[in-house]
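Reader: I would like to learn how to read this fold. Please take me through it.

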Amino acid sequence: MKKAFICLLGIILLACGKQAYDLFISPSASRDYPKGNLSDIADEVIAIPLRYDIKDAKCIRKEGNDLFLINDEILYRFNRNGELICRITNPEEIHVAGYVIDPANGN
């Protein structure tokens with residue numbers, strides 16, 4: 001029984017090793033980054049330079065004349081000129097991973 005287990009384990013390890021080798025050697029479509037312009041997927045593209053030190057902006061959304069984004073788990077609100085209106089969340093109280101804007105209630 002022990003010989004059968006070792007033999008089966010060896011076969012599985014060889015099969016997994018061959019799969020990993022083929023994955024690293026073969027050109028993969030997932031390694032090729034798609035090329036194109038942002039205007040290919042968006043109707044309107046506007047660059048808004050922020051007048052505040054933001055290193056890694058995520059979840060950027062525009063609602064009306066305001067721009068909302070997350071940086072270091074803090075939710076910020078900017079106007080269309082890139083000026084900081086307010087920091088909506090306090091990092092000592094809450095860490096933001098995502099958010100939803102409700103335009104009907106103005107929230």
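Reader: What percentage of the contacts with a separation of 6 or more in the protein chain comes from residues 24 or more positions apart?

Author: Contact means heavy atoms within 4.5 Å. Here the share is 31%. The model is predicted: local features need pLDDT of at least 70, side-chain atom pairs count only at pLDDT 80 or more, and totals for chains, interfaces and linings use all residues. Residues are numbered from 1 along each chain as its sequence is written, and side-chain values use heavy atoms, without hydrogens and water.

Reader: Which pattern does the protein chain follow along the sequence?

Author: Helices (H or I, at least four residues) and strands (E, at least two) are DSSP runs, numbered from the N terminus. The pattern is α-β-β-β-β, with 1 helix and 4 strands.

Reader: What radius of gyration does the protein chain have?

Author: The radius is taken over C-alpha atoms, and the globule rule is 2.2 Å times the number of residues to the power 0.38. A compact globule of 107 residues would be near 13 Å; this chain has 24 Å. Its C-alpha trace spans about 70 × 40 × 30 Å along the principal axes.

Reader: Which residues form the largest nonpolar core?

Author: Such a core is a set of buried Ala, Val, Leu, Ile, Met, Phe, Trp, Tyr and Cys residues joined through side-chain atoms within 4.5 Å. Buried means under 20% relative accessible area (1.4 Å probe, protein chains only). The largest has 6 residues: Ile 54, Leu 67, Leu 69, Ile 74, Tyr 76 and Phe 78. Strand 3 gives the largest share, 3 residues.

Methods
Buried < 20%, exposed > 50% of the residue type's maximum accessible area, 1.4 Å probe, protein only.
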